[in-house]
Amino acid sequence: MKMRIWVAALGMAALAGTAFAQGDVIAERRAGLKRMGGHMDAFKPVAEARGDVAALAPRVDDMIAWFRTMPDRFPAGSNTGDTKALPAVWSERAGFEAANTRMLGQLEVLKAAATAGDAAGFATAYQATGPQFCGACHRTYRAR
Ligand code: HEC
């Protein structure tokens, strides 16, 4: 009898744990995406001024590391709650992951330009990044 209560309590704790983790995964991915937006905002004036793009390399590195984890931040079940992710993230998963792979490729272009101190190259890549890589995914996978 005691054992059964203990097992039931454990089951409840596991359920609560799942609910918590789910809310957490949404809050964490949104906070991460905000940070990614912050990096893009920081690139803008430097790109426009053809400034010290080499100093931006650590921000690009943070983006590369973060976008590598992006698909895992949308586990099954994290489609409901305080999220703007569209059902297509899960129903058209291959396209979502392909959009993220293209994002990572573009981040490598930004990284190469930053590392080389190529301000003009960085500016060109930066201008394409928002509409063609962030925006391309948002159009299909994020609600407005
Ligand atoms: C592979 C798809 C994909 C790519 C690439 C992508 N995003 Fe998003 N983004 C999403 C989805 C899906 C959401 C909605 C997340 C949610 O609400 O759970 C989102 C939400 C956001 C948000 C809102 C965060 C919040 O809730 O306040 C910002 C800001 C953002 N993205 C910035 C960016 C920037 C900047 C880039 C490019 C450097 C980018 N995203 C690239 C899919 C993508």
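Q: Which helices each supply at least two residues of the shell around the ligand?
A: The model is a predicted one, and its protein has 5 helices and 0 strands. Those that each supply at least two residues of the shell around the ligand are helix H1 (2-48), helix H2 (57-68), helix H4 (93-116) and helix H5 (119-141).

Q: Which helix gives the largest share of the shell around the ligand?
A: Several helices, H2 and H4 among them, each supply at least two residues of this shell. The largest share amounts to 6 residues, and the helix that gives it is H1.

Q: How many residues of the shell around the ligand are nonpolar, how many polar and how many charged?
A: There are 22 residues around the ligand, of which Arg30, Thr83, Cys134, Cys137 and His138 come nearest. Divided by type, the shell holds 5 charged residues, 4 polar ones and 13 nonpolar ones.

Q: What is the distance between a polar side-chain atom of histidine 138 and a nitrogen atom of the ligand?
A: For arginine 30, a polar side-chain atom lies 2.4 Å from an oxygen atom of the ligand. In threonine 83, an N or O atom of the side chain is 2.5 Å from an oxygen atom of the ligand. With histidine 138 the ligand atom is a nitrogen, and the distance from a polar side-chain atom is 2.8 Å.

Q: Which pocket is the space taken by the ligand?
A: The ligand has 22 residues around it, and the space that it takes is the largest pocket.

Q: Is lysine 111 buried, partly exposed or exposed?
A: Lysine 111 is found in helix H4, and its relative accessibility is 22%. Because buried means under 20% and exposed means over 50%, lysine 111 counts as partly exposed.

Q: How far apart in space are lysine 111 and methionine 63, C-alpha to C-alpha?
A: Met63 is one of the buried residues of H2, as are Ala57, Val60, Ile64, Trp66 and Phe67. Methionine 63 and lysine 111 are 48 residues apart in sequence, while in space their C-alpha atoms are separated by 9.9 Å.

Q: What distance does H2 reach from its first C-alpha to its last?
A: H2 has 12 residues, for which 16 Å is expected at 1.5 Å a residue. The distance that H2 reaches is close to this, at 17 Å.

Q: What percentage of the residues of the protein count as buried?
A: Along the sequence the protein follows the pattern α-α-α-α-α. Of its 144 residues, the share that counts as buried is 33%.

Key:
Residues numbered from 1 in each chain as written. Predicted model: local features only at pLDDT ≥ 70, side-chain atom pairs only at ≥ 80, totals over all residues. Heavy atoms only, no water. Near = heavy atom within 4 Å. Polar contact = N/O pair within 3.5 Å; in protein donor to acceptor, adjacent residues only side chain to side chain. 1 Å grid on protein atoms, 1.4 Å probe; cavity = no way out; pocket = protein on both sides within 12 Å on 5 of 7 lines; lining within 4 Å. Sits in = over half its atoms within 2 Å of the grid points. Helix = DSSP H or I, 4+ residues; strand = E, 2+ residues; numbered from the N terminus. Nonpolar A, V, L, I, M, F, W, Y, C, P; charged D, E, K, R; others polar. Expected span 1.5 Å × (residues − 1). Buried < 20%, exposed > 50% of the residue type's maximum accessible area, 1.4 Å probe, protein only.
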